Amino acid sequence: MAVSQDWNLDWVAYAGGTEVGPRARVHLSRIDESVESEGTGSGLIDAACHAVSQATGVEGRVMAVRAYSAGPGSDAVGEIELDVEVGRRRVSMHASSVDVVEACARAFLAAINQSLSRARAHT
(Lines give C-alpha, C1' and ligand atoms only; values in the text may rest on other atoms or scores of the structure.)
Protein backbone atom coordinates (compact mmCIF):
# COMPACT_ATOMS: atom_id res chain seq x y z
CA MET A 1 0.00 0.00 0.00
CA ALA A 2 1.38 3.41 -0.98
CA VAL A 3 1.81 6.08 1.67
CA SER A 4 -0.17 9.22 0.91
CA GLN A 5 1.88 12.29 0.07
CA ASP A 6 -1.15 14.54 0.60
CA TRP A 7 -1.01 17.46 3.00
CA ASN A 8 -3.33 17.32 6.04
CA LEU A 9 -4.74 20.37 7.77
CA ASP A 10 -3.91 19.96 11.46
CA TRP A 11 -5.38 23.28 12.54
CA VAL A 12 -6.31 26.77 11.43
CA ALA A 13 -6.41 29.91 13.57
CA TYR A 14 -7.76 33.21 12.33
CA ALA A 15 -8.64 36.71 13.45
CA GLY A 16 -9.93 39.89 11.93
CA GLY A 17 -12.26 42.78 12.33
CA THR A 18 -12.68 46.41 11.48
CA GLU A 19 -9.50 47.44 13.33
CA VAL A 20 -7.25 44.62 12.14
CA GLY A 21 -7.42 43.04 8.70
CA PRO A 22 -8.24 39.35 8.28
CA ARG A 23 -5.33 37.01 8.91
CA ALA A 24 -4.96 33.27 9.31
CA ARG A 25 -2.34 30.76 10.39
CA VAL A 26 -2.35 27.10 9.40
CA HIS A 27 -0.42 24.03 10.42
CA LEU A 28 -0.11 21.32 7.76
CA SER A 29 1.59 17.94 7.87
CA ARG A 30 2.37 15.00 5.62
CA ILE A 31 4.45 11.88 6.11
CA ASP A 32 7.44 13.18 8.17
CA GLU A 33 7.02 16.88 7.38
CA SER A 34 5.07 19.71 8.97
CA VAL A 35 4.83 23.40 8.23
CA GLU A 36 3.11 26.49 9.62
CA SER A 37 2.30 29.53 7.56
CA GLU A 38 0.39 32.80 7.79
CA GLY A 39 -1.76 34.58 5.25
CA THR A 40 -3.84 37.71 4.94
CA GLY A 41 -6.74 38.44 2.66
CA SER A 42 -9.87 40.38 1.92
CA GLY A 43 -11.79 38.18 4.37
CA LEU A 44 -11.19 35.26 6.71
CA ILE A 45 -11.71 32.61 4.03
CA ASP A 46 -9.32 34.42 1.68
CA ALA A 47 -6.73 34.70 4.47
CA ALA A 48 -6.99 30.99 5.34
CA CYS A 49 -6.61 29.99 1.68
CA HIS A 50 -3.58 32.26 1.29
CA ALA A 51 -2.02 30.64 4.36
CA VAL A 52 -2.56 27.19 2.80
CA SER A 53 -0.96 28.39 -0.46
CA GLN A 54 2.02 29.76 1.47
CA ALA A 55 2.44 26.51 3.41
CA THR A 56 2.28 24.24 0.35
CA GLY A 57 4.09 26.53 -2.08
CA VAL A 58 1.23 26.07 -4.55
CA GLU A 59 -0.69 29.09 -5.75
CA GLY A 60 -4.43 28.68 -5.98
CA ARG A 61 -7.35 31.05 -6.37
CA VAL A 62 -10.85 30.70 -4.99
CA MET A 63 -13.33 31.35 -7.79
CA ALA A 64 -16.59 30.67 -5.92
CA VAL A 65 -17.79 29.67 -2.47
CA ARG A 66 -21.11 28.00 -1.71
CA ALA A 67 -22.13 27.26 1.86
CA TYR A 68 -25.02 25.12 3.06
CA SER A 69 -26.27 24.19 6.50
CA ALA A 70 -26.36 20.45 7.20
CA GLY A 71 -28.77 20.82 10.09
CA PRO A 72 -30.76 23.29 12.14
CA GLY A 73 -29.43 25.90 14.51
CA SER A 74 -26.29 27.94 14.90
CA ASP A 75 -24.18 24.88 15.78
CA ALA A 76 -25.04 23.04 12.54
CA VAL A 77 -22.32 21.57 10.36
CA GLY A 78 -21.53 23.77 7.39
CA GLU A 79 -21.16 22.09 4.01
CA ILE A 80 -18.79 24.06 1.80
CA GLU A 81 -18.30 23.78 -1.94
CA LEU A 82 -15.31 25.69 -3.26
CA ASP A 83 -14.41 26.27 -6.91
CA VAL A 84 -10.63 26.63 -7.02
CA GLU A 85 -8.29 27.43 -9.87
CA VAL A 86 -4.85 25.85 -9.55
CA GLY A 87 -2.65 26.49 -12.56
CA ARG A 88 -4.92 26.28 -15.57
CA ARG A 89 -7.25 23.76 -13.98
CA ARG A 90 -10.49 24.60 -12.18
CA VAL A 91 -11.89 22.08 -9.69
CA SER A 92 -14.82 21.95 -7.30
CA MET A 93 -14.10 20.57 -3.82
CA HIS A 94 -16.32 19.86 -0.83
CA ALA A 95 -15.62 19.91 2.91
CA SER A 96 -17.66 20.21 6.08
CA SER A 97 -17.13 21.46 9.61
CA VAL A 98 -18.95 23.40 12.29
CA ASP A 99 -16.37 26.10 11.43
CA VAL A 100 -16.90 27.37 7.87
CA VAL A 101 -13.41 28.93 7.65
CA GLU A 102 -11.88 25.55 8.54
CA ALA A 103 -14.14 23.81 5.99
CA CYS A 104 -13.02 26.27 3.30
CA ALA A 105 -9.36 25.72 4.18
CA ARG A 106 -9.91 21.94 3.96
CA ALA A 107 -11.63 22.21 0.56
CA PHE A 108 -8.89 24.53 -0.73
CA LEU A 109 -6.20 22.13 0.51
CA ALA A 110 -8.00 19.25 -1.23
CA ALA A 111 -7.69 21.18 -4.51
CA ILE A 112 -3.97 21.75 -3.87
CA ASN A 113 -3.47 18.06 -3.02
CA GLN A 114 -5.26 17.03 -6.21
CA SER A 115 -3.02 19.34 -8.24
CA LEU A 116 0.14 17.97 -6.59
CA SER A 117 -1.04 14.40 -7.14
CA ARG A 118 -1.68 15.05 -10.83
CA ALA A 119 1.77 16.65 -11.18
CA ARG A 120 3.41 13.57 -9.55
CA ALA A 121 1.49 11.27 -11.89
CA HIS A 122 2.85 13.11 -14.93
CA THR A 123 6.51 13.00 -13.88
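Asparagine 113 counts as buried because its relative accessibility is 9%, where buried means under 20% relative accessible area, exposed means over 50% and partly exposed is in between, with a 1.4 Å probe and protein chains only. Keep in mind that this is a predicted model, in which local features need pLDDT of at least 70, side-chain atom pairs count only at pLDDT 80 or more, and totals for chains, interfaces and linings use all residues. Residues are numbered from 1 along each chain as its sequence is written, and side-chain values use heavy atoms, with hydrogens and water left out.

Asparagine 113 sits in helix H2; helices (H or I, at least four residues) and strands (E, at least two) are DSSP runs, numbered from the N terminus. Leaving out residues up to four places away in sequence, asparagine 113 touches Asp6 and Trp7, a contact being heavy atoms within 4.5 Å.

Neighbours within four places in sequence aside, alanine 107 is in contact with Leu82, Met93, His94 and Ala95.

Over in helix H1 (residues 44-56) you'll find valine 52. Valine 52 is buried too, as its relative accessible area is 0%. What does valine 52 touch, not counting residues up to four places away in sequence? The list is Val26, Leu28, Ala105, Phe108, Leu109 and Ile112. Arginine 89, on the other hand, is 18 Å from valine 52, C-alpha to C-alpha, and 37 residues apart in sequence.

## Cysteines, but no bridge

How many disulfides does the structure hold? The count is zero, with a disulfide defined as a pair of cysteine sulfur atoms within 2.5 Å. For cysteine 49, the closest cysteine sulfur belongs to cysteine 104 and is 6.3 Å away, so the two are too far apart for a bond. Cysteine 104 is in no disulfide either, and its nearest cysteine sulfur is that of cysteine 49.

Are these cysteines buried or exposed? Cysteine 49 counts as buried because its relative accessibility is 2%. Cysteine 104 is buried as well, with a relative accessible area of 1%.

On a 1 Å grid over the protein atoms alone, a cavity is a set of points where a 1.4 Å probe fits but cannot get out, and lining residues have an atom within 4 Å of a point. The largest cavity has a volume of about 40 Å³; grid points are joined across faces, edges and corners, and the volume is the space filled by probe spheres set on the points.

Which residues line the largest cavity? They are Val86, Arg89, Val91, Ala111, Gln114, Ser115 and Arg118. Strand S6 (89-97) and helix H2 (100-121) each supply at least two residues of that lining, and H2 has the largest share, with four residues. Sorted by type, the lining has three nonpolar, two polar and two charged residues. In that scheme Ala, Val, Leu, Ile, Met, Phe, Trp, Tyr, Cys and Pro count as nonpolar, Asp, Glu, Lys and Arg as charged, and the others, Gly among them, as polar.

## Serine 97 in strand S6

Serine 97 is found in strand S6 and counts as buried because its relative accessibility is 10%. A polar atom of the serine 97 side chain lies 3.0 Å from the backbone nitrogen of aspartate 99.

## Out on the surface

Isoleucine 31 lies in the loop between strand S2 (23-30) and strand S3 (33-40). It is exposed, with a relative accessible area of 56%. Phi of isoleucine 31 is near 40 degrees, a positive value in a residue other than glycine. Most residues other than glycine have a negative phi.

Alanine 67, in strand S4 (residues 60-69), is exposed because its relative accessible area is 54%. Alanine 67 is in contact with Glu79 and Ile80, leaving aside neighbours within four places in sequence. Its C-alpha is separated by 9.4 Å from that of serine 96, 29 residues apart along the chain.

Notes. 1 Å grid on protein atoms, 1.4 Å probe; cavity = no way out; pocket = protein on both sides within 12 Å on 5 of 7 lines; lining within 4 Å. Polar contact = N/O pair within 3.5 Å; in protein donor to acceptor, adjacent residues only side chain to side chain.
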